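Welcome! Please look over the sequence and the 3D structure below before you try the exercises.

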Amino acid sequence: MSQRSLTDTTSAGARPPGGGGALPPGGGLTRRRRFGADTLFRAAVTSAGSTVLLVIVAIATFLVVQSLPALRRNSANFFSFHQWFPQDAPPRFGIAATAFGTVLTSGIALLLAVPVALGIALCLSHYAPKRIATGLGFAVDLLAAVPSVVFGLWGREYLARPVADLSAWLHSNLGWLPPFSSKGPYVNSVLLGSLVLAIMILPIVTSLSREVFQQTPSPNEEAALALGATKWEMVRTAVLPYGRAGVIASVMLGLGRALGETIALALTLGNTYLISFDLLGSGGVTIASNIANSFGEASDPTSRGALIASGLVLFAITLVVNVTARAIVFRRREFTGSTT
Amino acid sequence: MSERLGTIAGLRTKRLPGWAVPALAAGGLAVAWLIVYLPGTGGAVLTGVCAALLFLAALVGVSVAVEGRRAATDRAATALIYAAFLLALAPLAAVAYTLLAKGATRMSGDFLTHSMRNIGGRDAGGGAYHAILGTLEQAGIATLITVPLGIAGAIYIVEYGRGALATAIRFFVDVMTGIPSIVAGLFILAFWVQLVSPLFTADHQPEFSGFAAALALSVLMLPTVVRSSEEMLRLVPATLREGAYALGVAKWKTVLRIVLPTAAPGIVTGVMLAIARACGETAPVLLVAGASASINSNPFAGQQQALSIYIYQQAKDSSIYAPPRAWAAALTLVVLVLALTVAAKLLARRSKLAR
């Protein structure tokens, strides 16, 4: 026992300490036991780490396997058909309307949330006094902790009335614009769903942007101020360019969350399978809300397979969005790591 | 240089006095009240919006006249940034107020100790006991699955991982945090409910269960636990490890006896935050738990309810007694989630490693 520990000590201690606080793996020196406790431990943690890769592969595999039979029975084009009739005599279903609705609600939510989120992030990182900023940051974190079903309930029972008033006002003043042309009733509209969604992605975009804004090197900021810049000019010339990659990544992460959000939209959208830009009238459906709403009636294999197939599309879309966002963050992490 | 100096009027630029901003704000509010609220053109909200716009316009105008264009831009940006912040606090306050006001009307000991068994659309009674039980069991099992797996994965990444595998795992942990919760539910539906559960039931039919819900929650919790544990393990100073190695302690023992206990408070914080999130998840549980109306304390057999699905079902129910139940359940869920979140944050503050 002591003999082996000694060799381990020399092998690990002989190397310089690693950058992130961790030491490089031991080994490289002679007299290392082949099947000691260390080998076992290492194998155990390696397999635990690999579970993540396994799960991602398993998700893709099982979704494909379980959706193929339903897709084969589908008599309509899965990508261009906009209705959802998996229980018809020849099943007919397609994701045109749901995918369109997903992109539309997420897009509006991003348009509404991103400027506000960046404002909050700047407020917390550069404007508000530090002590207040900590408390207010906590408040924003609490917003992130509220479960999505509670936001859905709140949107349906409370926010619906102010949004209906706003919709009526928008229609009477801007009714000539196609998105505002609906004459009502102004319930369960795309606008309501997008607003709830915007509130939900606000904390995510805020927290990540705030983090990158705070990392701006103070020499950059001081240089801008020393050249006579006002505070806003300092933010515009030093903070925003430095944080640009991080902001793009945080927006994409918010987009990923918005695309996959289910219950809040299932409770606030009107669930009609139409491709329309009408924001005020009852309507709207997304891939995820369709899965939640249709699952109750989907007891036969084809209906479930159809829902799983649409889930596969959602998985693919969010995977692309997330991989892009993470790749930006990852590259940036290496970049900042090398400069400090 | 001399050219630049020449354009500046004096050595000290003119600034607005300190009382100017509050005075403009009060003026904007007064004007908006006069032209919007008094004639009845709009309610309190429209008045507020108009007041804010008037204030902004007046501030920019006065600032351009007195201080110049650059200072005016600066003032406008500052005002907009603070406005964004107030805008974000509004929904938080509204959610908190509605939750307390509407949730309290139906909240009672009766609500917390009864299920929805034999409660029809015309019955005012019923409670959420079965849902609370389900949520606690499902989140508990998910914790039992993810904590060992997640911490071991983090140990691999920090202490052992080098090369392509470790980079891939780190990258996909990040990607996995972004998987939509409904996709996790569909995965467990396709994998566990449709394929594996028929092997265990008597009639070989797919069966919904609390355990399937726990599995779906595990898929969502795993990346969060790995990520937060990884960050905490990285904060453990290298000198502690070196000290242990110098005393002749094997690497696995160093990790288990020195590194893990040092990082423990931070890891617990991350785990608690993950549990809090899992308790609030609806979509994955909705697809695989089955949502029974009766009490079922066995997560491995038969359908189970969860608080989040309970809220969803009651919110969609057409009975007039359903919305109060939904709000009371929402209050219960938020209290549960917030208690976990706040406890985790307080614990993080006490830990020496965390900032």
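Residues are numbered from 1 along each chain as its sequence is written, and chains are lettered from A and ligands numbered from 1 in the order in which they are written.

**Exercise 1. Find out which elements of chain B have the lowest and the highest mean pLDDT.**

Step 1: pLDDT is the predictor's confidence in each residue, from 0 to 100. For chain B its mean is 87, and 94% of the residues reach 70 or more.

Step 2: Helices are DSSP runs of H or I with at least four residues, strands are runs of E with at least two, and both are numbered from the N terminus. The lowest mean, 46, belongs to helix 1 (residues 2-7) of chain B, and the highest, 94, to helix 6 (residues 129-160) of chain B.

Step 3: In residues 1-7 of chain B the pLDDT is below 50, and this stretch has zero contacts in the model beyond near neighbours in sequence. Where pLDDT is low, the predicted coordinates should not be read in detail.

Step 4: For the complex, the predictor gives an ipTM of 0.86 and a pTM of 0.85.

**Exercise 2. Describe how chain B is divided into domains.**

Step 1: Domain bounds come from an automatic or database domain assignment. In chain B they give domain 1 (2-105) and domain 2 (113-350).

Step 2: Taken over C-alpha atoms, the centres of these two domains of chain B are 44 Å apart.

Step 3: Two residues are in contact if their C-beta atoms, placed from the backbone, lie within 7 Å. Four residues of domain 1 of chain B touch six residues of domain 2 of chain B.

**Exercise 3. How many residues of chain A are in contact with chain B, and which helix gives the largest share?**

Step 1: The count is 85 residues of chain A, in contact with 85 residues of chain B.

Step 2: Helix 2 (residues 37-73) of chain A gives the largest share of chain A's side, with 20 residues.

Step 3: Ala, Val, Leu, Ile, Met, Phe, Trp, Tyr, Cys and Pro count as nonpolar, Asp, Glu, Lys and Arg as charged, and the others, Gly among them, as polar. Chain A's side has 53 nonpolar, 23 polar and nine charged residues.

**Exercise 4. Work out how helix 8 of chain A and helix 4 of chain B are placed relative to each other.**

Step 1: Axes are lines fitted to C-alpha atoms, for helices over the stretch in contact, and angles run from 0 to 180 degrees between N-to-C directions. Here the axes of helix 8 (residues 231-260) of chain A and helix 4 (residues 69-106) of chain B cross at roughly 80° and come within 7 Å.

Step 2: Angles under 35 degrees count as roughly parallel, over 145 as roughly antiparallel, 65 to 115 as roughly perpendicular and the rest as oblique. The two helices, helix 8 of chain A and helix 4 of chain B, are therefore roughly perpendicular.

Step 3: A:Lys231, A:Trp232 and A:Glu233 meet B:Arg70, B:Thr73, B:Asp74, B:Ala77 and B:Thr78.

**Exercise 5. What residues join helix 5 of chain A to helix 14 of chain B?**

Step 1: The axes of helix 5 (residues 148-174) of chain A and helix 14 (residues 322-350) of chain B cross at roughly 145° and come within 10 Å.

Step 2: A:Val150, A:Leu153 and A:Glu157 meet B:Pro323, B:Ala326, B:Ala330, B:Leu333 and B:Val334.

Definitions and conventions:
This is a predicted model: local features need pLDDT of at least 70, side-chain atom pairs count only at pLDDT 80 or more; totals for chains, interfaces and linings use all residues.
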